Amino acid sequence: MATTHQTATASLQEQARRHLWMHFSRMGAYDDAHEIPIITRGDGCYVWDEHGKRYLDGLSALFCVNIGHGRHDVAQAGADQAKELGFFTTWSYAHPRAIELAARIARLAPGDLNRVFFTSGGGESVESAIKLVRHYHKLTGHPNKTKIIARETAYHGTTLGALAATGITNLRQPYEPFTPGGCHVANTNLYRLAPGYGAENLAEAFARRIEFEGPDTVAAVIAEPVQNAGGCLTPPDGYFQRLREICDEHDVLLISDEVICSWGRLGEYFGAERYGYQPDLITTAKGLTSSYAPMGAVIATDRVMEPFLQGSASFAHGFTWGGHPMCAAVAMANLDVFEHEGILENVREHEPAFRAMLESLRDLPIVGDVRGAGYFQAIELVKDRETRQTFSAEESETLLRGFLSGALFERGLICRADDRGDPVIQLAPPLIAGPEQFAEIEAVLRPVLEEASARMLG
Ligand SMILES: Cc1ncc(COP(=O)(O)O)c(C=O)c1O
């Protein structure tokens with residue numbers, strides 16, 4: 001048995017190293033001494049690797065598996081649907097699951113976000129929203145409104161249109177030039193406020209940029225309720241309310257990019273509900289199916305839809321698999337779990353304990369800030385807590401890739417040690433997690449961060 005297992009293991013490693021092109025991965029970094037982590041199964045908040053070692057999935061895979069791993073019933077909904085109708089397209093046709101899911105999403109979404117355009121993932125949703133706002137303004141007599149204003153360090157996807165909105169220099173530079181019209185303003189990093197801004201006037205960055213570009217040229221603003229890249233950057237009070245006013249003043253559409261922040265991540269179905277604002281468009285994916293199937297969506301208000309209902313108008317855009325019946329059936333089963341098992345309620349009940357556990361690590365000298373909302377939290381690591389001095393690029397490389405990522409994984413915790421911005425550790429466990437998992441996370445984080453403090457701060 002052992003021999004068979006070892007052979008199978010070696011062969012998977014070999015095949016992965018030889019044939020699999022992993023996303024955002026330094027493929028040259030893997031060799032006999034540095035195995036590719038191969039995750040083979042999951043159950044609840046836990047996953048197991050090919051050696052049978054168990055890990056606490058403190059990142060819900062990639063902010064994805066909101067209801068937790070191993071839900072046979074959700075998978076079964078896809079299989080049942082395949083027996084009935086494995087695939088049909090939403091190009092000029094409809095099918096029951098896409099219709100039912102669209103109606104259900106519209107019921108759950110805030111305000112008059114009543115129209116759902118399905119995609120296969122987050123990047124496609126953002127790409128679709130960018131095309132949609134341009135087309136909307138053309139149909140309503142403002143053909144020059146084409147620009148999108150996003151925020152620095154924000155991640156909105158990797159396709160060339162979405163990349164124009166993504167504000168992370170090293171993800172952009174190798175692929176320039178991309179779709180014109182992407183502009184960036186200060187984000188809501190309250191720990192390191194942009195010069196000239198306080199928490200109270202951060203939204204004005206959008207007003208200034210719209211005025212600078214010329215309101216007649218700006219189609220939309222795109223922002224996540226809590227910005228992922230940079231480390232769970234929450235908005236200050238009133239930020240989105242002011243942003244809504246600024247958008248209305250200049251006939252600019254507000255896109256709430258909720259690829260991460262919807263489906264319970266912040267304790268509500270949509271992040272916009274948590275912060276009490278009404279977007280014109282929501283882009284979503286990941287948690288819509290808890291990633292048991294690949295699916296995303298753009299959700300539009302009646303106002304945005306209106307010109308597309310006139311005469312021969314048509315949004316000349318689509319993806320073969322948008323609204324795929326198996327994915328839609330899986331999404332319906334996923335939302336059943338939300339409804340029947342109190343997923344949102346679990347996040348609301350346990351968010352304070354999750355946060356308190358992370359706050360308790362503030363006694364460690366390397367912990368500079370703890371921030372986030374819901375089950376979407378980050379710890380910023382600093383060189384000097386008093387001055388908030390951050391690590392140099394080289395130090396950050398040593399800290400994150402040279403030590404933290406490996407040490408956390410080694411001790412059985414999957415989370416994200418990231419430096420798109422200043423170095424942070426991000427935690428976003430499945431929304432079924434509770435005090436037992438928080439204690440496990442602490443039991444790993446504390447000794448690892450103690451060692452990181454000793455290594456980096458002397
Ligand atoms: C806010 C946001 N927008 C867009 C995307 C792109 O989604 P996908 O990777 O599904 O294309 C992501 C992915 O993490 C995201 O977090």
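Q: What makes a residue count as near the ligand, and which residues come nearest in this predicted model?
A: A residue is near a molecule if its C-beta atom, placed from the backbone, lies within 6 Å of it. In this predicted model, there are 13 residues around the ligand, and Gly121, Gly122, Gly123, Gly157 and Val259 come nearest.

Q: Which helix gives the largest share of the shell around the ligand, and what is the make-up of that shell by class?
A: Helix α5, residues 122-139, contributes 3 residues, the largest share. By class, the shell holds 5 nonpolar, 6 polar and 2 charged residues, where Gly is counted among the polar ones.

Q: How do you know what span to expect of helix α3, and what span does the model give?
A: The expected span is 1.5 Å times one less than the number of residues. Helix α3, residues 72-85, has 14 residues, for which 20 Å is expected, and its first and last C-alpha atoms are 20 Å apart, close to that expectation.

Q: Which residues of α3 are buried, and why are they said to lie on the same side?
A: Val74, Ala77, Gly78 and Gln81 are the buried residues of α3. They cover an arc of only 95° around the axis, and therefore they fall on the same side of α3. An α-helix has 3.6 residues a turn, so residues three or four places apart point the same way. On the other side of α3, the exposed residues are His72, Asp73, Ala79, Asp80 and Lys83, whereas the cover over the buried residues includes α4 (96-108) and α12 (325-341).

Q: How do you know whether the radius of gyration of the chain agrees or disagrees with that of a compact globule?
A: For 458 residues, a compact globule would have a radius of gyration near 23 Å, and because the chain has 22 Å, the two agree. Along the principal axes, the C-alpha atoms fill a box of roughly 65 × 60 × 45 Å, and 48% of the 458 residues count as buried.

Q: What share of the contacts joins residues at least 24 apart, and how many helices and strands are there in the chain?
A: Among contacts between residues at least 6 apart in sequence, 71% join residues at least 24 apart, in a chain that has 15 helices and 15 strands.

How values were computed. Residues are numbered from 1 along each chain as its sequence is written. This is a predicted model: local features need pLDDT of at least 70, side-chain atom pairs count only at pLDDT 80 or more; totals for chains, interfaces and linings use all residues. Helices (H or I, at least four residues) and strands (E, at least two) are DSSP runs, numbered from the N terminus. A residue is buried if 20 or more other C-beta atoms lie within 10 Å of its own, exposed if 12 or fewer, and partly exposed in between; C-beta atoms are placed from the backbone. The arc is that of the directions from the helix axis to the C-beta atoms. Two residues are in contact if their C-beta atoms, placed from the backbone, lie within 7 Å. The radius of gyration is taken over C-alpha atoms; the globule rule is 2.2 Å times the number of residues to the power 0.38.
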